[in-house]
Amino acid sequence: MTTTAETATKPRREARTSDKSRAENRLAIKLVAPAIALMLLVTAFPMLRALYLSMFDYTLTAPDDRTFVGFQNYLTALSDQLFWRDTANTVFIMVVTVFFELVIGFAFAMVMHKLIFARGLVRTSILIPYGIITVVSGFAWQFAFSNTNGFVNSWIPFMNPDFNWFGDYWSAMAAIMVSEIWKTTPFMALLLLAGLAQVPEDMLEAAKVDGATWWQRLWRVILPNMRAAIMVAVLFRALDAYRIFDNIFVMTNGAQGTESISFLTYRQVIEQFQLGIGSALSVLLFLSVLVVAFGIVKLFRVDLSAARQG
Amino acid sequence: MRNDTLSRIGTAVGLILILVWCLLPVAWIISLSFKSQEAVTNGSPGFFPSSGGGAGWQNYVDVVKDDQFRQAIFNSIGICLIATLLSVVIATLTAYAVARLEFKGKKFVLTTALVIAMFPVVSLVGPLFDMWRTLGIYDTWIGLIIPYMSFTLPLAIWTLSAFFREIPWEMEQAAQVDGATAWQAFRRVIVPLAAPGVFTAAILTFFFAWNDFVFGISLTSTERARPIPAALSFFVGDDPFNRPASLLAAGAVVATVPIVLLVLFFQRKIVAGLTAGAVKG
């Protein structure tokens, strides 16, 4: 902020620019204020409230029995095996699904990039899994894997037709991950396709002329040039996968130990009305997402300014 | 020469694989919706309805006649449209400021949007559940519209700022030279030019709101405001292993129709919006 005295001593033109930029500043603040207020109202404020509530022994069924317990809820959560089992499940799902989405999504992107005909058809088709409600995807796959009404068992050679996919931890997790991968790979493919378009054609031609094999071109030219796009896609998908909830809710409802950390939090708060420990879990979930985000950004040195701000 | 043919065959095979990947589960859920409920209860494995196990349109008739289901569709359409409209209006203002104006706090806006896009929504349902009950908006449309707006804002802001950067801004300056204020220049010159981007952002916002499940089940308790994904998951009974599969499939198909229509008509716009700003351009 410049004082009036200072402004007066400055040459006229400068004063006008600073007037203009101040007006611009004011307009901008007015324009962004509603969005910021809304985003903070629904996230920052409830998060602070969760932080506060997590210090209490507080059950909605007995709202008057609220007692301050300090960090006791966190200790309870962190020393509970359930918390660690569900975190392990979540990390496992995140790593496996993102890996498959990346590989399959890249293959799809390569095909779409090469395609000279049927482009509209492919784009339309690929948007359908993206647009389908996750709950519907979960149902579709749950019924597909079902041993009474599904088709998966009869389509896999040498498969026992009565095999119950949801009767065992590993097969239930596999079914959940299939639904997750099916729905989100197209999104990955579209992001990678946009990245693929950034690879300079002349570099590829030069590599070809120099006798580089397809494999060499992929690893030496294409992938390094797509690094930013790949990292952004991985970051976004990984954080999304870490929040996995819908598919588990619909497909197993947490049976066979397939709970995710989001599911555990939901169960504490909404089904058991344990707002105290539920809030502690909410805070822990938030912190673990931060850790995952930070880890990915550091590990792969993602340049976020190259991301979404484009 | 041989290489060329090989690569062409590879592309064709890839094309078929993509189509199978995308459409097979959709075909499956449609096929399932035509299995009769008796056949499903007795068990009818296989992709297609067995002979004598088909239901014709019966499941669809049952779904459409179901009051709860109709109400849920109505809720979803109403809530998502209102949330989309408001979110896009607010995001347009923000994106204009981000793309066009120099101001302190631009970084803060973008960072906030980024953080919110990655926010674990489940961690909010507890406090929101509590707050909404205190405010008396638990189990109402407005109680869902507010969180839908905040969580679609980041996507809408990014998409719109990416579009806004492509607009020929000299025209805005020309309008200002001709005596228009900054606000007039924004409303009269830029809004019409930005309309396609705004429309794309609206479709993506609608997709997001339509797909939501966490808020839908946590912040509603009756059919008064329950949106379609939540209604589907509660459709019949609480035994997740013995659902009336074919009826649910019919409901799922109905719930998917609006999305498929949007995709069919606006495929190009959606792709452009989804990837806008995802790579350095």
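Which residues in α7(A) meet which residues in α9(A)? I noted that this is a predicted model, in which local features need pLDDT of at least 70, side-chain atom pairs count only at pLDDT 80 or more, and totals for chains, interfaces and linings use all residues. Residues are numbered from 1 along each chain as its sequence is written, and chains are lettered from A in the order in which they are written.

Contact entry. I found that T134(A), S137(A), G138(A), W141(A) and F145(A) in α7(A) meet A175(A), V178(A), S179(A), W182(A) and K183(A) in α9(A), where contact means C-beta atoms, placed from the backbone, within 7 Å. Helices here are DSSP runs of H or I with at least four residues, numbered from the N terminus.

Geometry entry. I looked up the packing of helix α7 (residues 134–145) of chain A against helix α9 (residues 169–196) of chain A, and the angle is about 135 degrees with the axes 9 Å apart; axes are lines fitted to C-alpha atoms over the stretch in contact, and angles run from 0 to 180 degrees between N-to-C directions.

Burial entry. I saw that twelve of the twelve residues of α7(A) are buried, so α7(A) is largely enclosed by the rest of the structure; buried means that 20 or more other C-beta atoms lie within 10 Å of the residue's own, with C-beta atoms placed from the backbone. Among them are V135(A), F139(A) and Q142(A).

Interface entry. I recorded that 87 residues of chain B are in contact with 88 residues of chain A. Helix α12 (residues 245–275) of chain B gives the most to the side of chain B that touches chain A, with 15 residues.

Terms used: Contact = placed C-beta atoms within 7 Å. Helix = DSSP H or I, 4+ residues; strand = E, 2+ residues; numbered from the N terminus.
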